[in-house]
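I am opening these notes to record what I looked up in the model, entry by entry.

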Number of protein chains: 2
Amino acid sequence: MTELLGRPLVVANAGVDLFADELERQDVRVERVEWRPPEPGTEGALARLAGEAGTIARANDEAIARLEDAQPVLAGVGAARDLLPDMSARTILHAGPPIDWADMSGPLRGAVIGAAVHEGLAEDRDDAARKAAAGAFEFGPCHDRGAVGPMAGVVSASMPMVVIENPAHGNRAFCTFNEGLGKVLRYGAYDGEVLDRLAWIRDVLARVFAGALARLDEPVDLRAMTAQALQMGDEGHNRNRAGTSLLLRALLPALIELAEPEAEKAAVARFIAGNDHFYLNLAMPASKAAADAAAGIDRSSIVVAMARNGTEFGVRLSGTGDRWFTGPSGTVDGLYLPGFGPEDANLDIGDSTITETVGLGGFAMAAAPAIVRVVGGGAEDALAATRAMYDIAWGESRSYQIPALGFRGTPVGIDCREVVRTRLLPFVNTGIAHREPGVGQIGAGLVEPPMEAFAEAVRALAGP
Amino acid sequence: MTELLGRPLVVANAGVDLFADELERQDVRVERVEWRPPEPGTEGALARLAGEAGTIARANDEAIARLEDAQPVLAGVGAARDLLPDMSARTILHAGPPIDWADMSGPLRGAVIGAAVHEGLAEDRDDAARKAAAGAFEFGPCHDRGAVGPMAGVVSASMPMVVIENPAHGNRAFCTFNEGLGKVLRYGAYDGEVLDRLAWIRDVLARVFAGALARLDEPVDLRAMTAQALQMGDEGHNRNRAGTSLLLRALLPALIELAEPEAEKAAVARFIAGNDHFYLNLAMPASKAAADAAAGIDRSSIVVAMARNGTEFGVRLSGTGDRWFTGPSGTVDGLYLPGFGPEDANLDIGDSTITETVGLGGFAMAAAPAIVRVVGGGAEDALAATRAMYDIAWGESRSYQIPALGFRGTPVGIDCREVVRTRLLPFVNTGIAHREPGVGQIGAGLVEPPMEAFAEAVRALAGP
């Protein structure tokens, strides 16, 4: 069987490999062979859904139209307590589906500890852990408050959030600022260096960044900027070098003219210029704003959220409301920093899969062949990954185009029926956190979502 | 016969198309078929050169080593009169091989007029033209003074030049600042808007830019930056969006901290951020610094300069000193701005082909499929263009890699013997100037150099 980045590729087989290979070589999309059985336990649900295929198609068309029509713009900056609903002083949000302290993985616990100390809710690690275990903090998913966060995704009351507005649908989404690499809260580190940086982000970066935004003639159009970045080797999830560069280029004159101390403006410029992932924390809420616009459409089988809390991977469908369908988080197949290996790795974690949900990240891998090199792949693997995703996507993006695929739009809008029918899981590329709290990032790679989350979603959509 | 962007592709034929196609599909380099005749009139020269193939190979290896070892860095800014040799107040340099006023095309004349007025050497258009015809100005190629210039490439005494240093070889190269698009001197425009901008570049941009450079901890490494830009959809000649963005990102903190009026710093930032071609005028002299290091190696058949003055296209070899081998400039096959067509176009013009000389531009087309769209091509054509150039190149770049070709290095170092033997001319992509002075840019596209320049070079290298 053909392998794609170490995973079996599901297209064709039974002695027709040569035929399929030739088609692929000619850039012809290879269709599924119908006799391949779907994920066991979903046959009945798929059959019931087949009976209303027309209704679902109309619902999915509407979902994709709203995804595609979204025009997320960078509207401003504010504190989480002022922007997110029901955000109390003791609220600590996290990535992925709901989870209690007892079930949290090391890096999520580490980030909770850091946030508690940052907010003055705890004295130190032990105090924070004791209070967390005693129920002193209110936990909840970022996704439920219109926010997203990479890796641990922890958000507490005083943290500054970028505000993304989607005037096309009248909704908003939020995200913290990216802290850079090394020891950072989102990878579960919480020492003095991490806390100092969080304070600087709150006290300096947020103000200077907001000031520069306010001076722009028009707000930054994140769909246009991300589309451009895809022409420049980014895929909008693990590679954001072009996005970060384009953002800085857009902000530069305003930043210079801003009436703030030059040392602080220069520090902000250095911080952004020194962090290729800065744009990720804009691409994510922009994706969330688009995905939220596509949510809540009756009978739609389109995935509108994929998120991991470090223990579980959760999926939401447009047609099944706020319900999370979950399975265990996967192990990331990737490249480790010196001194670390798979035995140190936490399970898959973070809300960053919102990018794959809207046709970026793994779905746009062909735009960023450098990404697949970390797992020993090459440009052809990157092309093959994106091509494979067309089989589980409902549409193709108008704005996110891949030069190497003749400017074809990326596959957009995961149809959960196709995932279980083809047994082809969404491609996700992600960072790897250490499994113990307090350590941080130890690598990056590719990960496979749990099929059972999609199977459960399909069964829920089909009903009893 | 297979066509590539409208030009016949020379590889294989005679009923073996299927075989060659299959090889190409498998990404196997298709070798020339030996019986194909070389360019008529070069058979004897090629035979004589074949007799010393070993000597030439050693010379070419040395030339490529110097090209590849070049480490061009952005060292500073100064006035042409202080930097370039023998630069008098009445000297006006131009792109391409030597040419007199009588033979200059419209856009080159327009740029000369603009420079003469800018320098106070003439009152207006008529005065400048009269003086030019009367021999009041000293004309000479940029290339002969260590400089390069895009399009008309006109340089006069007071113009600020960026200084590129190549410590690996101890040489330097120079270029003016890019003026942006629209009505600009390099396309032959010379009205008040053009002259005002030239004055601002001299009086403000040069000072602020130099000040920012001086504040950097280390000078900008242009080889590293261009290599990165090639991972981001640039090819270093007609697409420099990533390079411009990366440059701004590198300069940003220094620009903020610089003790200059904020309005001027912001104006400089806006000017650079608003011009995707700003980086071209750094990529060109960086290429010149590398190519000059490879020049002057006895018996080497490697091309170290390709340049056009709007009338003639000239080639220099490493092994034949300062001598130019010329042929008529070609017609650019491209896309025109509204209201213009091929009948308005000047012939091919500019020193920007120095980028193709070092493995960028047309040789790196596979990195920038967006470029070939202007002539109706697609991503496959871009890949094919770069692949074809391996047949006439002596080496492959270590630093300039193409993601879509599995990170293979670009073809680098044109061997003039291979050009005439395969009758495959270098791919060049370029802008189109209006043929009348004073108008400016009217399009962009691809152009074919004259084979006779390469044939003449081969005959000169072979000797009588």
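How many bridges join E15(A) to E16(A), and do they run parallel or antiparallel? I found five bridges between E15(A) and E16(A), and the two strands run antiparallel; strands are taken to pair if DSSP finds at least two bridges between them. Helices (H or I, at least four residues) and strands (E, at least two) are DSSP runs, numbered from the N terminus.

Before going further I noted that this is a predicted model, in which local features need pLDDT of at least 70 and side-chain atom pairs count only at pLDDT 80 or more, while totals for chains, interfaces and linings use all residues. Residues are numbered from 1 along each chain as its sequence is written, and chains are lettered from A and ligands numbered from 1 in the order in which they are written.

A:Gln401 stands opposite A:Gly409 in E16(A).

Helix entry. I then turned to H3(A), residues 53-69, whose 17 residues should span 24 Å at 1.5 Å a residue, and its end C-alpha atoms are 24 Å apart, which agrees; the expected span is 1.5 Å times one less than the number of residues. Among its buried residues (20 or more other C-beta atoms within 10 Å of their own, C-beta atoms being placed from the backbone) I listed A:Ile56, A:Asn60, A:Arg66 and A:Glu68.

Domain entry. Chain A is divided into domain 1 (1-36), domain 2 (39-69 + 294-462) and domain 3 (73-285), with bounds from an automatic or database domain assignment. The centres of domain 2 and domain 3 of chain A, taken over C-alpha atoms, are separated by 23 Å, and their contact (C-beta atoms, placed from the backbone, within 7 Å) takes 47 residues from domain 2 and 48 residues from domain 3.

Chain entry. I counted 27 residues of chain B in contact with 28 residues of chain A, and H9(B) gives the most to the chain B side, with 10 residues. Chain B can be laid on chain A with an RMSD of 0.0 Å by a turn of 180 degrees and a shift of 0.0 Å along the axis, superposing by least squares on C-alpha atoms of residues with pLDDT of at least 70 in both. The two copies are therefore related as by a two-fold rotation axis, and in chain B the C-alpha nearest that axis belongs to B:Met232, at 1.9 Å.

Definitions and conventions: Contact = placed C-beta atoms within 7 Å. Buried ≥ 20, exposed ≤ 12 C-beta atoms within 10 Å, placed from the backbone.
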